[in-house]
Amino acid sequence: MPRPYLSLVHLYIHVPFCARRCSYCDFAIAVRRVVPSERFVAAIAGEWALRRSHPFGDATSRVETIYFGGGTPSRLAPEVIGELVELIRSDRETAPDAEITLEANPDDVTPEASSAWAAAGVNRVSLGVQSFDPDVLAWMHRTHHAEQVAPAMESLRGAGISNLSLDLIFALPPELGRDWARDLDAALALDPSHLSLYGLTVEPRTPLGRWTDRGEVSPTAEGAYAEEFLHTTHTLAAAGWDHYEVSNAARPGFRSRHNSAYWRRATFIGLGPSAHSGAGSERHWNIREWEAYARAVEAGRSPIEGSEQLSADAIRMEDLYLGLRTREGAHARWIPASTREAWIREGWAREVGDRLELTPEGWLRLDALVARVA
C-alpha cells in the first residue's frame with residue numbers, strides 16, 4: 001500500500017547524558033562525568049543513515065523543527081550541536097525559519113557555549129530551572145544554583161538567542177515548605193518567552209519514590225495541587241500570557257512549535273536512545289539504554305526496539321486527549337451531547353463554535369474526563 005507523502009516532519013534528538021540523576025527523574029539518562037560527545041555524534045549519524053531505508057526517513061520531507069532534549073543536551077561539547085544540525089541540513093531540506101531548541105542546565109551556559117549554539121542555528125533554549133529555592137534545588141539533586149539562572153539568560157541573549165523558556169515544577173511535598181507563588185513571580189521577573197510548568201509525579205524507581213515509600217515525604221494533596229495550578233493560570237492570564245496547553249504557557253507569538261506538533265499528531269522522528277517516532281497510525285521507539293543503543297548502531301543494526309499500529313479507536317482517543325490538552329480544545333462532536341452539557345454545567349468546559357475547550361478546572365480533571373468518553 002503506498003505511503004502518504006510526508007511533507008513536514010519534526011525531529012527530536014535525545015541526549016541522555018547528565019551529571020547527576022535528579023531525585024524525581026525516571027527518564028532514560030546516562031550519568032557521565034566525561035560525556036562521549038564524538039561517539040554520540042557518530043551514533044546519531046549512524047542511525048540517521050539507517051533511516052534512509054525507513055519510511056519515517058522519507059528524503060522528500062522537510063524538517064520544520066529540531067529539538068535537542070534529554071538528559072542534558074548542554075553537556076555535549078558545544079561544537080557538537082553544530083555538527084548534528086549540519087548533519088540534518090546537509091541531508092534534508094530544512095525550513096529557513098526552523099525552530100531549533102536546545103534544553104540546557106543553567107550551570108552549563110557560558111558566553112562561549114551560547115555563541116557556539118547560536119552559530120549552529122539554535123534559536124530557542126529551554127532552561128531547566130525547576131525552582132529558585134536553594135533548599136528545593138538541593139532536594140531535587142539539581143546541579144545548578146538559583147543565582148546562575150539570570151546570568152545564563154544574559155549569556156544567551158548576548159549571543160542572539162532571545163527565545164528562552166524556563167522549566168518549573170510545582171506541587172512539591174509539603175515538607176519542603178516551597179513557596180510556589182514566589183518561584184512563579186521570580187520566573188516571570190526574568191522576562192522569558194515561554195514557561196513549561198509540570199506538576200511533580202512520584203515514579204517508583206527514583207529517590208523520590210523510595211523517600212515516599214519510607215514516609216519521609218508526602219505526596220502533595222489534590223487540593224494543594226489544584227490551588228497551585230489555578231494560581232498559575234490566574235497569574236499568567238493577568239500578565240497577558242497565552243496558557244496554550246496544560247503544562248505550557250507563552251508570551252503571545254512564542255508557543256513552542258515543536259511541542260505543538262505533537263499535540264496536532266504531526267509526523268515526528270526521534271533519534272537517540274529511547275526516542276519515539278510517529279506518523280499517522282504508526283509508532284516506534286528505540287532501545288532505551290545508551291550503551292545498548294550505541295552498540296546496535298555501531299554494529300550497523302537498527303536501534304528500533306518496538307513498534308505498534310494504532311487502531312482507529314486509539315487514534316480517535318489520542319486526538320481527543322491531545323486536543324483537550326490545548327487551549328483550542330477538540331471537536332465537540334467527538335463527545336456525546338449529554339457529556340458535553342454536564343462538563344459545561346460543572347464549569348469544566350465551554351463550547352466555542354464547533355470546538356469544546358476545557359477550562360483550567362477541567363484541565364485538572366483531564367484524565368478522568370477523557371476516561372469517561374472512552
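Start by selecting Thr72. In this predicted model, Thr72 has a relative accessibility of 6%, and because the cut-off for buried is under 20%, Thr72 counts as buried. Thr72 is placed in the loop between β4 (62-70) and α2 (78-89). Now show what is around Thr72: apart from neighbours within four places in sequence, Thr72 is in contact with Val15, Phe17, Cys18, Asn105 and Asp108.

Next, select helix α3, residues 111-120. Which residues of α3 are buried? Colour Ala113, Ser114, Trp117 and Ala120, which are buried. These residues lie on the same side of α3, because they cover an arc of only 125° around the axis. In an α-helix, residues three or four places apart point the same way, because there are 3.6 residues a turn. Turn to the other side of α3 to find Glu112 and Ala119, which are exposed. Then bring up α2, β5 (94-104) and α5 (149-158), which are among the elements covering the buried residues of α3. Just after α3, stop at Gly121, where phi is positive, at about 110°.

Last, select helix α6 (residues 180-189) together with helix α8 (residues 222-238). Their axes come within 10 Å and cross at roughly 30°; angles under 35 degrees count as roughly parallel, so α6 and α8 are roughly parallel to each other. The crossing of α6 and α8 is right-handed. Show side chains for the contact: Trp180, Ala181, Leu184, Asp185 and Leu188 of α6 meet Glu228, His231, Thr232, Thr235 and Leu236 of α8. The residues of this contact comprise 5 nonpolar, 3 polar and 2 charged.

Technical notes:
Residues are numbered from 1 along each chain as its sequence is written. This is a predicted model: local features need pLDDT of at least 70, side-chain atom pairs count only at pLDDT 80 or more; totals for chains, interfaces and linings use all residues. Side-chain values use heavy atoms; hydrogens and water are left out. Axes are lines fitted to C-alpha atoms, for helices over the stretch in contact, and angles run from 0 to 180 degrees between N-to-C directions. Helices (H or I, at least four residues) and strands (E, at least two) are DSSP runs, numbered from the N terminus. Angles under 35 degrees count as roughly parallel, over 145 as roughly antiparallel, 65 to 115 as roughly perpendicular and the rest as oblique. A crossing is left-handed if the near helix is turned anticlockwise from the far one by less than a right angle, and right-handed if clockwise. Contact means heavy atoms within 4.5 Å. Ala, Val, Leu, Ile, Met, Phe, Trp, Tyr, Cys and Pro count as nonpolar, Asp, Glu, Lys and Arg as charged, and the others, Gly among them, as polar. Buried means under 20% relative accessible area, exposed over 50%, partly exposed in between (1.4 Å probe, protein chains only). The arc is that of the directions from the helix axis to the C-beta atoms.
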